Amino acid sequence: MPKAKVIFEDIGVAVTVPAGTRLIEVSEKVGAGITYGCREGECCTCLTKVISGGDNLAAPSVLEDQVLKDNMAPRNHRLACQAQILGGEVVVRPA
Ligand code: FES
């Protein structure tokens, strides 16, 4: 299975995960500071800044796009409960 690497800048931890993993699943396991609520792409609690490697995340769904817009999320921010890591390397930190 293809692998991908996620680096949580806030805690200085790098994790290798299977492609298709959602950011929140990893951040929860390693204790990064990304908080969450609904886990369904509605509350925007899990807003996460993508420092680099944003192209290695699956494009936002219509729902995620709408929630990001509704919450006036800055550029390069994603919902950790929705963003799937496709491969390569992604560096993130809590928004
Ligand atoms: S936890 Fe609610 S939008 Fe991600």
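Predicted model: local features only at pLDDT ≥ 70, side-chain atom pairs only at ≥ 80, totals over all residues.
- Five strands make up an open sheet with mixed pairing, and they're laid out in the order 2-1-5-3-4.
- Strand 2 (13-18) and strand 4 (77-79) sit at the edges, so to speak: each of them pairs on one side only.
- Going from one strand to the next, the twist averages 35 degrees.

**The helices**
- Helix 1 (residues 23-30) packs on the sheet, where strand 1, strand 2 and strand 5 (88-94) are the strands it touches.
- The direction of helix 1 makes about 55 degrees with that of strand 1.
- Helix 2 (residues 62-70) packs on the sheet too, touching strand 3 (47-52) and strand 4.
- For helix 2, the angle between its direction and that of strand 4 is about 125 degrees.

**The largest pocket**
- The largest pocket comes in at a volume of about 280 Å³.
- Its lining takes in 19 residues, and Pro-60, Arg-75, Asn-76, His-77 and Arg-78 are the ones lying nearest the centre.
- Strand 3, helix 2 and strand 4 are the elements that give two or more residues to this lining.
- Sorted by class, the lining residues are nine nonpolar, five polar and five charged.

Terms used: Residues numbered from 1 in each chain as written. Heavy atoms only, no water. Pairing = 2+ DSSP bridges. Helix = DSSP H or I, 4+ residues; strand = E, 2+ residues; numbered from the N terminus. Axes fitted to C-alpha atoms, helices over the stretch in contact; angles between N-to-C directions. Contact = heavy atoms within 4.5 Å. 1 Å grid on protein atoms, 1.4 Å probe; cavity = no way out; pocket = protein on both sides within 12 Å on 5 of 7 lines; lining within 4 Å. Points joined across faces, edges and corners; volume = space filled by probe spheres on them. Nonpolar A, V, L, I, M, F, W, Y, C, P; charged D, E, K, R; others polar.
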